[in-house]
Amino acid sequence: MDDHADITEAAAALKTGGLVILPTETVYGLAADAGDAQAVAKVFEAKGRPAFNPLIAHVADITTARRIAVFEARAEALVARFWPGPLTLVLPLADEAAVCDLARAGLDTVAVRAPGHPMARALLQVFGGPLVAPSANRSGRPSPTTFADAWEETGGAATAGLDGGPCVIGLESTVVALLDRPRLLRPGAVTRAEIEAVIGPLAEAQADAKRSPGRLTRHYAPTLPLRLDVEEPRADEVWLGFGPRGGAGFNLSAEGDLAEAAANLFAYLRAADRADGATGIAVAPIPDTGLGEAINDRLRRAAGFVG
Ligand code: TXA
Ligand code: MG
């Protein structure tokens, strides 16, 4: 496959209002020109996403980000440390045209992230402006971590797709709002401790739910019911184990490695969902430290505990 030709073709599709399946280091996205309201509307439609849930503007670099959002000292410190990479910042909006109203769900803030995946970076550079790219799943479903899963979810709405291999991280970016006090809106691939080491304590999102509209709905859910913190699965359940006692089937990480578990999580939820004769999915306890906070967040939402 010729990556350069594919990227040129994908950029051309985006310029004419098309949608593109985009690999990132976290999960696959469904990309559109952030300034093109019609293209952005197609993204909401393909995902079945409620229009009150805003999208992330993906950028090639810090310079582009500074054009669309207002950066202050803490934002600068965070991007110097974590970009390109799996951190999204919610900041005051600087340029209304670059990221259309629909993409922001009418808010006067914008979420920005510079992804680290080489294909995403190449596409953003060739395209030259911000791209919205929500996870490529239909709304409420697990995020896709392979090209095949992304294509199955929303490929029907895409004009082009880039196969960048399996996502190395497998969990979405961490979302931090820097509007008043720094707040953790979504735990993710960069841990709370890593962020607090740069800007100090993070407040919780709950106190400010309106600022984090996407957190209000059930998310990441397979079709089968999910039970959490299960040490002994029932005979009719698929077990997602963790650690040396986690069995040989779908063990998220036999070594108890949270990064490996994060990378396997969504793909295993999908595979468990397809298992013959299963009536449910049971998940072993996952420690709540480091990346475990984001894994447990996704599991609780997949099981239907939202708030
Ligand atoms: O890792 C990721 O971030 C992936 C890859 C493809 O880049 N993208 C992703 O996008 O997870 P999405 O749309 O599935 O999740 C974006 C999250 C949602 O929870 C949304 O509510 C929140 O970011 N968000 C976006 N703009 C916001 C804003 N202005 N204020 C508060 N939350 C915002
Ligand atoms: Mg998503």
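Reader: Leaving aside its neighbours within four places in sequence, with which residues is W83 in contact?

Author: Contact means heavy atoms within 4.5 Å. By that criterion, and leaving aside neighbours within four places in sequence, W83 is in contact with V59, I62, A65, F71, L78, V112, R113 and A114. Please note that this is a predicted model, in which local features need pLDDT of at least 70, side-chain atom pairs count only at pLDDT 80 or more, and totals for chains, interfaces and linings use all residues. Residues are numbered from 1 along each chain as its sequence is written, chains are lettered from A and ligands numbered from 1 in the order in which they are written, and side-chain values use heavy atoms, with hydrogens and water left out.

Reader: Which residues touch the most other members of the largest nonpolar core?

Author: A nonpolar core is a set of buried Ala, Val, Leu, Ile, Met, Phe, Trp, Tyr and Cys residues joined through side-chain atoms within 4.5 Å. Buried means under 20% relative accessible area, exposed means over 50%, and partly exposed lies in between, with a 1.4 Å probe and protein chains only. Here the largest core has 46 residues, and W83, L87, L89, V112 and I195 touch the most other members. The elements that give two or more residues to this core are β2 (29-33), α2 (37-47), α3 (62-68), α4 (73-82), β4 (87-92), β5 (109-113), β8 (174-178) and α7 (192-199). The largest share, five residues, comes from α2. There is also a second, separate core of 29 residues, which includes L226, A262, L265 and A282.

Reader: How are the helices and strands defined, and how many does the chain have?

Author: Helices (H or I, at least four residues) and strands (E, at least two) are DSSP runs, numbered from the N terminus. The chain has nine helices and 14 strands.

Reader: How is a pair of aromatic rings described?

Author: Such a pair is described by the distance of the centres and the angle of the planes. Rings of Phe, Tyr and Trp (its six-membered ring) pair if their centres lie within 6.5 Å; planes under 30 degrees apart count as stacked, over 60 as edge-to-face and the rest as tilted. The structure holds five aromatic pairs. In one of them, the rings of F71 and W83 have centres 6.4 Å apart and planes at 70°, so the pair is edge-to-face. F71 lies in the loop between α3 and α4, and W83 in the loop between α4 and β4, 12 residues apart. Both F71 and W83 are buried. Elsewhere, ring pairs link Y28, F147 and W151 into a cluster.

Reader: Which residue joins W83 through a cis peptide bond?

Author: The partner is P84, and omega is about -10°. P84 is found in the loop between α4 and β4.

Reader: In what order do the strands of the open sheet lie?

Author: Two strands pair if DSSP finds at least two bridges between them. Here 10 strands form an open sheet in the order β7-β1-β2-β6-β3-β5-β4-β8-β9-β10, with mixed pairing. The edge strands, β7 (160-161) and β10 (203-204), each pair on one side only.

Reader: How does β2 pair with β1 and with β6?

Author: Strand β1 (residues 20-22) and β2 pair in the antiparallel sense over three bridges. They form a hairpin with six residues between them, and the bridge partner of I21 in β2 is L30. Two bridges join β2 to β6, again antiparallel, and there D33 has L131 in β6 as its bridge partner. Five of the five residues of β2 are buried, so β2 is largely enclosed by the rest of the structure.

Reader: Is Y220 buried or exposed?

Author: Y220 is buried, with a relative accessible area of 4%. This residue has a positive phi of about 60° although it is not a glycine, and Y220 lies in the loop between β10 and β11 (226-227). A105 also has a positive phi, of about 55°, and is not a glycine. A105 is partly exposed, with a relative accessible area of 25%.
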